Amino acid sequence: VANQTLQNKSLKGKEIYFSTKKHEGDEGALHLTESAARFDQSVCGKLSELLHIAGPGLKKGKNRIFYGIHQDFPCVAVVGLGKSDSGVCGAENWDAGKENIRHAVSVGCRSLQELEVSHVEVDGCGDPQSAAEGAVLGLFNYDQLKSKKKIKVTTQLHGSSDVDCWKKGVVYGEGQNLARFLMEAPANHITPTAFASTIEEKLAPHAERVTITWIEEQQMGAFLSVAKGSEEPPVFLELHYNGSPDSKQPPLLLVGKGITFDSGGISLKPSVSMDAMRADMGGAATVCASIVTAAALNLPVNIIGLAPLCENMPSGKATKPGDVVRAKNGKTIQVDNTDAEGRLILADALCYAHAFHPKAIVNVATLTGAMDVALGSAATGVFTNSDWLWEQLHKASVVTGDRVWRMPLFQHYSKQVTDSQLADLNNIGKYSRSGGACTAAAFLREFVTAPHWAHLDIAGVMSNKDEIPYLRKGMSGRPTRTLVDELRFSRHV
């Protein structure tokens, strides 16, 4: 057995996909992709013969593995793609064809990884970018701190000359995996300082500017009120990517919440699942990863990223419920719940963002459990004052399959956060358990004057159990790819 395992580690694998057309009178018929059909022809129909012998047609996402069909490929994984005519689905708000490809490729790659196949050639399925995303996302596994690790699998496109689209998909997938890595890593490994160093290292090949802003000089009292409870020093990370030929083009500005561990502060969270709060910097992770991805793609757009990074911890120095702090724009905030800290650090970052006169501001945050209750993991909640910006985000999400859903930004909610006994604002709504995601968005709006602003609450999509089939269980890195495509689409307007 040991020898066999050793031999398998040097195996090459090949994935072939087929789709089933569910037309009347055509039930169960196998329709191979072009690449699969050419492969079948090269082995004198042996693949299709084995598929028929193996039983009923494969359902979407189900696979079979065959051995010894081709001398160059010891094992071949075949995966069902679903309906061949799948495309953009208005009811689901995504391109079902692209999602089916991502799902199928991830299944095939992981099944061969379990056999300790080290190199896989992947059928592009007519959409090499989606195929590459499925391969890269499906194979990611955070096992850096484990003694026993899964075998590392390299992938390449098979049966297509569209290598550029494949490479683009690899960059998109690696971008999301960077966010997943940052979110999954333990809080004692990804401190604010370590987070900033990681991003600086990733941006270095693209020669972009990374700045550590002096928080005290910027009078970011709300941010500092959260950070002061921890022994870890806070960091305000500022990223500049200038891809536009026109250096004077107003930048698109992204802001990410960067709480590298959230205990709740004095308003301490329950101990159950508190370990997941290592990913409370998911907003900063996805924002920074999307900028690294945009730089790797050489997108012709100017981007600025801001990430206030700190821990939220209880101590003798920590903010106490009922304390009043002053934000960068001079507004005072009564902090009645120290576990509603994300909006405090974002408030100062949003104020600072306006200094760059951006074309649009998008902030991203694992902000409220209420968003998870409202939408679950199906979509990111979007609160925005701009129909144009909403259209860019929605269009991007349909392509990436990482969906967004527009939420209300009514004055009804603003009144609940401006009704404060001691200050201009309260960091929780007047009716704390009602519309929590909406009152949090209304709070942030008090620090925005830009005509194009969107707040993305990603609390519900922070992690993945089994909802997204091409992501393993763990932190999801969502919605990094949607942010990248939003940057790509917004530059045209």
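Let's start with a term: a residue is buried when its relative accessible area is under 20%, exposed when over 50%, and partly exposed in between, with a 1.4 Å probe and protein chains only as cover. By that cut-off, 58% of the 493 residues of this chain count as buried.

Now, the ground rules. This is a predicted model, where local features need pLDDT of at least 70, side-chain atom pairs count only at pLDDT 80 or more, and totals for chains, interfaces and linings use all residues. Residues are numbered from 1 along each chain as its sequence is written, and side-chain values use heavy atoms, with hydrogens and water left out.

Next, the overall shape. The C-alpha atoms fill a box of roughly 80 × 50 × 45 Å along the principal axes.

Contacts next, meaning heavy atoms within 4.5 Å. Take pairs at least 6 apart in sequence: 76% of those contacts join residues at least 24 apart.

So what sits inside? A nonpolar core is a set of buried Ala, Val, Leu, Ile, Met, Phe, Trp, Tyr and Cys residues joined through side-chain atoms within 4.5 Å. The largest one here has 58 residues. Among the members that touch the most others are Leu 182, Phe 195, Val 362 and Leu 456. A second, separate core has 47 residues, including Phe 383 and Tyr 413.

Look at Leu 456. Which residues does Leu 456 contact, leaving aside neighbours within four places in sequence? They include Val 362, Thr 380, Leu 393, Pro 479 and Leu 483.

Why cores at all? In soluble globular proteins, nonpolar side chains tend to be buried together.
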